[in-house]
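I opened my notebook to look at one strand and its partners. Then I turned to the charged side chains.

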Amino acid sequence: MLLSEGIALPRAKGVIQHLRPKLDAQGVLIPIRIGDDGAPIIDDNVEVVGEEVVYNVITNAGRDYLHSQGYNTSGGAANGFCYIGLSNDTLTETTASTTLSTEITTNGLARAVGVYAHTTGTNTTTITNTFTCATAPQAAQKAALFTASSAGTMNHALSFTQRSLQIADTLAVTFTITLG
């Protein structure tokens with residue numbers, strides 16, 4: 001039995017199609033029809049001369065822009081994923097989740113904007129925040145990134161070994177995101 005596993009590379013794929021209209025019975029070109037999705041309709045009205053699948057090169061400037069727009073605290077139309085939220089339940093979030101279940105909202109452990117760091121020309125960004133347990137003991141075992149201090153869009157939910165914080169304890173959380 002073979003293990004079917006692939007490594008997803010950070011890239012975009014392009015499909016290049018060279019189409020040539022056919023001639024009707026009078027020698028007039030039959031126009032290539034375009035579908036609702038913007039792609040040519042390949043049927044008996046056109047001849048496919050060739051199709052090629054190609055992959056891109058990611059430029060340093062483009063990569064840096066993706067990191068900044070995706071995770072920085074400013075620069076885009078809205079914040080990137082730069083707010084860190086905590087919870088003390090097990091990771092139940094799925095790809096369809098939009099909130100962090102039982103998110104902690106008090107005691108110095110409420111959602112907070114993290115520090116964005118990205119070195120130009122690299123593939124990674126970090127979002128870091130140190131939380132301080134303020135008024136009562138509190139445990140935490142889950143974190144996620146958001147685009148806002150409340151509500152917003154959630155991404156990168158993860159779980160970790162439960163930490164039981166006492167008053168004045170700190171919990172440093174660093175997300176390292178690799179985009180490619």
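**Entry 1: strand partners**

In which sense do β3 and strand β7 pair, and over how many bridges? I checked this in the model, which is predicted. β3 and β7 (residues 138–146) pair in the antiparallel sense, over 5 bridges. I looked for a facing pair and noted Gly-85, which stands opposite Ala-144 in β7.

I then looked up strand β4, residues 112–113. β3 and β4 also pair in the antiparallel sense, here over 2 bridges. Tyr-83 stands opposite Val-113 in β4.

**Entry 2: cover on β3**

Is strand β3 mostly covered or mostly open? I found that 5 of its 5 residues, 83–87, are buried. Next I sorted the residues by face. In a regular strand the side chains alternate between the two faces of the sheet. On one side of β3 I listed Tyr-83, Gly-85 and Ser-87.

**Entry 3: charged pairs**

How many salt bridges does the count come to? I wrote down 3. Side chains of opposite charge can pair when their charged atoms come close.

I started with Asp-89 and Lys-142, whose side chains meet in a salt bridge at 2.5 Å, N to O. Why does this pair tie together parts that are 53 residues apart in sequence? Asp-89 lies in the loop between β3 and β4, while Lys-142 lies in strand β7, so the pair links those two parts.

I also looked at cover here. Buried means under 20% relative accessible area. Asp-89 has 18% relative accessibility, so Asp-89 counts as buried. Lys-142 has 0% relative accessibility, so Lys-142 counts as buried too.

I found that the side chains of Lys-142 and Glu-93 meet in a salt bridge at 3.0 Å, N to O. Glu-93 lies in the loop between β3 and β4 and Lys-142 in strand β7, so this pair ties together parts that are 49 residues apart in sequence. Glu-93 is buried, as is Lys-142.

Which residues are linked in a network of salt bridges? I noted Asp-89, Glu-93 and Lys-142.

**Entry 4: one more pair**

I also looked up Glu-103 and Arg-111. Their side chains meet in a salt bridge at 2.8 Å, N to O. Arg-111 has 15% relative accessibility, so Arg-111 counts as buried.

Technical notes. Residues numbered from 1 in each chain as written. Predicted model: local features only at pLDDT ≥ 70, side-chain atom pairs only at ≥ 80, totals over all residues. Heavy atoms only, no water. Buried < 20%, exposed > 50% of the residue type's maximum accessible area, 1.4 Å probe, protein only. Helix = DSSP H or I, 4+ residues; strand = E, 2+ residues; numbered from the N terminus. Pairing = 2+ DSSP bridges. Salt bridge = Lys/Arg side-chain N within 4 Å of Asp/Glu carboxyl O.
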